[in-house]
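Welcome! Take a moment to look over the sequence and the fold before reading on. This short report will walk you through a few of the features.

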Amino acid sequence: MDNQQFLGLIGKMTLEEKIAQLVQLAAPFYEGVSDEGQITGPMEAMGITDSMVTNSGSILGYAGAAGAIAVQEAHLKKNPHGIPLLFMADIVHGFRTIFPVPLAIGCSWDLELAEKSSEIAAREAAVSGIHVTFAPMVDLVRDPRWGRVMESTGEDPYLNSLFARAFVRGTQGDNLKEEVERVAACVKHFAAYGAAEAGRDYNTVDLSERQMREYYLPAYKAALDEGCEMVMTSFNTVDGIPASANEKLMRGLLREEWGFDGVLISDWGAVKELIPHGVAEDEREAAYRAIRAGVDIEMMTACYVHELPELVRSGRVDEALVDEAVLRILQLKDKLGLFENPHRGANPEREAEVIFSREHRDAAYELAVKSTVLLKNEGVLPLRPEAKAALIGPFASSGDILGPWSWDGRKEDAVKLDRALAERLGEGRLTVAEGCGVESGTEEQLQEALAAAGGADVIVLALGEDSDMSGEAGSRSDIRLPQVQLDLIARIAELGKPVAAVLFNGRPLDLHGVYDRVDAVVEAWFPGSEGGAAIADILIGAADPSARLTMSFPHSVGQVPVYYNHYNTGRPQGAPDAQVRYVSQYLDAPNEPLLPFGFGLSYTTFEYGAPALSSDEMTAESPITITVDVTNTGARAGIETVQLYVRDVAGEVVRPVRELKGYAKLELAPGERGTAVFTLSEEQLRYHHSDLSFKSDPGRFEIFVGPNSRDTSNASFKLI
Ligand code: NOJ
């Protein structure tokens with residue numbers, strides 16, 4: 001259909017029919033159960049009538065091809081204009097085949113695998129009848145207290161932007177009408193949800209516009225540049241106005257400045273939440289502010305359907321605003337080919353064929369291997385082939401390794417570490433004990449663990465947070481492992497045997513009581529359906545850990561937020577003229593995190609040569625090339641992620657001490673030398689000035705190359 005036809009159709013719709021397109025209800029409404037059903041928030045009695053359901057535009061959370069086909073058919077029979085429903089769901093890191101959580105995927109620094117994971121997630125979703133996924137989540141994160149850091153790829157705007165693009169490409173492909181096994185992407189949560197004060201979910205965000213543009217906005221923009229079809233508002237305020245009522249942000253920045261003309265959906269209940277936020281007195285004002293801000297679909301509350309009719313009839317809201325929203329929704333349905341093919345990819349046979357297929361699980365395995373970060377290793381890993389091992393801890397035999405937002409992922413399907421490790425080590429070489437639960441334990445469990453450990457040469461502890469301890473509404477003020485697990489570590493460490501800890505969790509943790517007590521630490525995150533197999537292969541050395549952190553691990557929660565691309569301050573610690581006391585520092589903790597952005601070990605070692613620059617002067621027309629030789633000095637093959645950082649020594653406004661500008665992955669055999677080559681241009685040195693203009697400043701720049709954001713060699717050049 002073309003726009004003329006859509007306008008014709010909109011012209012035939014009653015006001016109520018049009019407004020019903022703007023409401024999104026959850027699946028239970030279509031199953032005749034209107035007062036229950038929960039996905040991620042309370043669903044109160046909403047005052048939804050049958051006719052609103054008949055005319056509604058989209059549905060949240062339905063999955064299953066046969067069901068989706070039946071619901072769509074029934075809907076089309078009733079809907080007076082034959083407008084198909086859109087089915088949307090949160091397919092965040094897999095549908096049924098679950099990939100590692102996005103924070104782990106970020107640590108892979110592997111855009112191809114990230115793209116493939118979204119493609120597979122989209123395929124499984126599409127054959128089950130879903131048309132839109134509420135992903136990617138690209139909120140920049142700095143505060144590990146916030147449970148949703150596991151949904152983001154981390155603290156760096158450049159890397160987050162690359163991943164945003166990869167996820168959108170994988171999800172949407174090139175042509176949604178033809179590729180019915182792709183789905184439309186919805187980037188979220190616009191904007192700056194990751195900056196919630198004190199890491200408490202749904203809390204206030206207050207950032208300068210410059211800070212937003214420099215750090216927080218690039219990844220959303222990157223997703224849109226990649227053609228992302230939808231945007232979701234965030235729950236938080238942006239400069240005092242909740243995103244869902246923020247005209248400056250939505251109409252001004254998103255639509256006018258960035259030219260986004262796709263569908264903008266509120267987050268769950270976010271329109272009605274304008275009332276407790278304190279910017280609307282009642283549902284009518286909430287609807288008024290949201291439609292004026294440009295929110296097309298109201299998710300899971302009914303302010304629009306209840307109040308827009310009167311707001312339009314009284315002349316307070318121009319009907320053109322409603323028409324505009326309906327048009328965008330119809331256009332999206334058309335892009336997805338729903339008018340010709342209302343069931344689109346929904347297909348029970350394909351469902352049986354592709355969902356959780358071997359091929360999909362293999363991809364999940366590969367990404368789990370590539371997402372696992374080796375944080376410490378003092379000679380324990382890989383496990384020696386002849387060693388007898390004890391696997392101890394609440395995650396030794398647990399299927400709770402999929403992580404939050406695992407849609408149809410099933411814990412019972414997950415490859416568990418005990419099984420995978422036993423298979424690899426062979427008969428009689430592994431004893432397993434739980435030791436304790438995630439948050440509590442018994443003396444009996446502990447004694448059993450000590451007995452298992454007593455008979456082993458090496459101990460692997462499988463520890464972590466259960467999946468409810470992160471994710472939405474999963475903020476924590478103490479980000480250490482639960483005390484019972486710390487006690488378990490202490491008791492095991494007393495035995496004096498080599499100990500490796502494997503961590504399953506959704507956020508950077510305070511590793512006191514872990515890092516200092518064990519010989520090796522493997523950060524497995526929530527590794528997904530094939531997690532056990534991937535981790536077991538890393539433990540025995542069949543696979544090399546190659547992931548690098550994309551979020552800093554603090555020493556302690558008191559340092560939070562701690563991130564690599566911070567400003568220097570006027571009194572930096574450690575500067576040549578720094579005083580002992582009157583500098584920017586803690587009296588009781590270092591400034592730097594325990595483990596910095598970009599950090600991760602391998603089973604081999606790499607040696608870096610000095611970075612060589614093609615010129616020590618750059619102009620707008622002449623980029624420079626930076627080359628660095630890296631040699632694998634260990635006895636095994638390995639992948640090194642060579643990282644390039646830049647610092648603008650003096651800007652018009654203060655500049656970060658380091659900013660990632662590029663990276664190269666080198667796969668090197670033992671003894672092999674490779675060269676990482678980076679091109680750096682003036683364009684990459686631009687930033688937002690105090691008047692928000694985006695440009696570079698001539699002057700001196702420092703370059704840092706190395707295996708992480710801390711351990712680097714430097715050089716410098718001048719931009720003229
Ligand atoms: C609330 C979450 O904030 C959002 O990420 C999600 O997409 C919606 N609920 C729908 O489940």
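How are α12 and α13 oriented to each other: roughly parallel or roughly perpendicular?

## A pair of helices

Keep in mind that this is a predicted model. Helix α12 covers residues 283-293 and helix α13 covers residues 303-313. They pack at an angle of about 85 degrees, and their axes lie 8 Å apart. Angles of 65 to 115 degrees count as roughly perpendicular, and α12 and α13 are therefore roughly perpendicular to each other.

On the α12 side, the contact is made by Glu-283, Arg-284, Ala-286, Ala-287, Tyr-288, Ala-290 and Ile-291. On the α13 side, the contacting residues include Cys-303, Tyr-304, His-306 and Leu-308. Sorted by class, this contact has nine nonpolar, one polar and four charged residues.

## Two domains

The chain is divided into domain 1, residues 358-540, and domain 2, residues 605-719. Taken over C-alpha atoms, the centres of domain 1 and domain 2 are 35 Å apart.

## A six-stranded sheet

Next, find the open sheet of six strands, which has mixed pairing and the order β11-β16-β15-β14-β12-β13. Its edge strands, β11 (373-377) and β13 (430-433), each pair on one side only. Neighbouring strands of this sheet are turned by 15 degrees against each other on average, direction ignored.

Strand β12 (residues 389-392) pairs with β13 in the parallel sense, over four bridges. Here Ala-389 has Leu-430 as its bridge partner in β13.

Helix α19 (residues 483-493) packs on the sheet and touches β12, β14 (458-464) and β15 (499-504). The direction of α19 makes about 170 degrees with that of β14.

How values were computed
Residues numbered from 1 in each chain as written. Predicted model: local features only at pLDDT ≥ 70, side-chain atom pairs only at ≥ 80, totals over all residues. Heavy atoms only, no water. Domains from an automatic or database assignment. Pairing = 2+ DSSP bridges. Helix = DSSP H or I, 4+ residues; strand = E, 2+ residues; numbered from the N terminus. Axes fitted to C-alpha atoms, helices over the stretch in contact; angles between N-to-C directions. Contact = heavy atoms within 4.5 Å. Parallel < 35°, antiparallel > 145°, perpendicular 65-115°, else oblique. Nonpolar A, V, L, I, M, F, W, Y, C, P; charged D, E, K, R; others polar.
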